[in-house]
Amino acid sequence: MGSVRKASAWLGLVEDNDERYYADEYAEYSEGAETADAWVTDPRVRVASESAQAQSRRIATVSPTCFRDARNIGELFREGVPVIVNLTSLESGDAKRVVDFAAGLTFGLRGSIERVATRVFLLSPAHTQVVNGEPQGRPQDGFYNQS
């Protein structure tokens with residue numbers, strides 16, 4: 001195989017038909033080998049496993065594609081599950097509506113809402129404490145402050 005063909009295969013532009021790179025001892029993937037953690041709900045909503053649910057250590061991530069998906073956010077939050085809402089796939093008008101819904105939801109259930117990243121929010125129920133990664137004892141004027 002020529003170097004241009006190898007580079008094209010590495011980039012995924014052409015199929016790599018050179019079988020010598022594949023070891024025979026790799027097992028074939030079987031369709032029946034799915035785990036018990038298979039998705040039961042909407043694939044845009046991810047919830048932790050059963051053992052995490054039993055210990056009340058669940059966090060759900062929701063990536064709504066329209067305002068109708070806000071219902072999933074509300075149902076999870078009412079159950080006391082912290083919800084990470086990723087609004088990057090929504091248009092700005094629908095994203096604003098979902099943020100307004102989430103703000104009302106957290107206010108009504110005495111929770112809190114925090115912006116984690118651009119268009120990503122964390123909704124925390126009242127019994128959940130969000131810990132910041134910053135050290136507590138750090139002085140306000142840093143080491144390099146020479147004034």
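User: Is R58 buried or exposed, and how is that read?

Analyst: R58 has a relative accessible area of 18%, and it is therefore buried (under 20% relative accessible area; over 50% is exposed, and values in between are partly exposed, with a 1.4 Å probe and protein chains only). The model is a predicted one: local features need pLDDT of at least 70 and side-chain atom pairs count only at pLDDT 80 or more, while totals for chains, interfaces and linings use all residues. Residues are numbered from 1 along each chain as its sequence is written, and side-chain values use heavy atoms, with hydrogens and water left out.

User: What percentage of the residues in the protein chain is buried?

Analyst: The chain has 147 residues, and 22% of them are buried.

User: With which side chain does R58 form a salt bridge?

Analyst: Side chains of opposite charge can pair when their charged atoms come close. A salt bridge requires a side-chain nitrogen of Lys or Arg within 4 Å of a carboxyl oxygen of Asp or Glu. R58 meets E79 in such a bridge, at 3.1 Å from N to O. The two residues are 21 apart and link distant parts of the chain: R58 is in the loop between α2 (50-54) and β2, and E79 is in the loop between α3 and β3. E79, with a relative accessibility of 55%, is exposed, whereas R58 is buried.

User: How many salt bridges does the whole structure hold?

Analyst: The search finds three. One of them joins R71 to E75, whose closest N and O atoms are 2.8 Å apart. Both residues belong to helix α3, where four residues, or about one turn of the helix, separate them. R71 is exposed at 60% relative accessibility, while E75 is partly exposed at 30%. Another joins the side chains of D94 and R97, at 3.9 Å from N to O. D94 and R97 are three residues apart in helix α4, which puts about one helical turn between them. D94 is partly exposed at 24% relative accessibility, as is R97 at 44%.

User: In what order do the secondary structure elements run from the N terminus?

Analyst: Helices (H or I, at least four residues) and strands (E, at least two) are DSSP runs, numbered from the N terminus. This chain has four helices and five strands, in the order α-β-α-β-α-β-α-β-β.

User: With which strands does β5 pair?

Analyst: Two strands pair if DSSP finds at least two bridges between them. Strand β3 (residues 83-86) runs antiparallel to β5 and is joined to it by four bridges; here I84 stands opposite L122. Strand β4 (residues 112-117) is also antiparallel to β5, with five bridges, and S112 stands opposite S124. In the hairpin of β4 and β5 there are two residues between the strands, and R119 takes a positive phi near 65°.

User: How many residues of β5 are buried, and on which sides do they lie?

Analyst: In a regular strand the side chains alternate between the two faces of the sheet. In β5 (residues 120-124), V120, L122 and S124 lie on one side and F121 and L123 on the other, and all are buried. Five of the five residues are buried, so β5 is largely enclosed by the rest of the structure.

User: Which residues does S112 touch?

Analyst: Contact means heavy atoms within 4.5 Å. Not counting residues up to four places away in sequence, S112 touches T106, L122, L123 and S124. The C-alpha atoms of S112 and L122 are 8.1 Å apart, although ten residues separate them along the chain. S112 is partly exposed, with a relative accessible area of 29%. T106, in helix α4 (residues 92-108), is buried at 3% relative accessibility. Leaving aside neighbours within four places in sequence, the contacts of T106 are F77, G111, S112, I113 and L123.

User: How many aromatic pairs are there?

Analyst: A pair of aromatic rings is described by the distance of the centres and the angle of the planes. Rings of Phe, Tyr and Trp (its six-membered ring) pair if their centres lie within 6.5 Å; planes under 30 degrees apart are stacked, over 60 edge-to-face and the rest tilted. By this rule there is one aromatic pair. F67 and F101 form it, edge-to-face, with 6.5 Å from centre to centre and 85° between the planes. The pair links distant parts of the chain, 34 residues apart: F67 is in the loop between β2 (60-62) and α3 (70-78), and F101 is in helix α4. F67 is partly exposed at 27% relative accessibility, and F101 is partly exposed at 30%.
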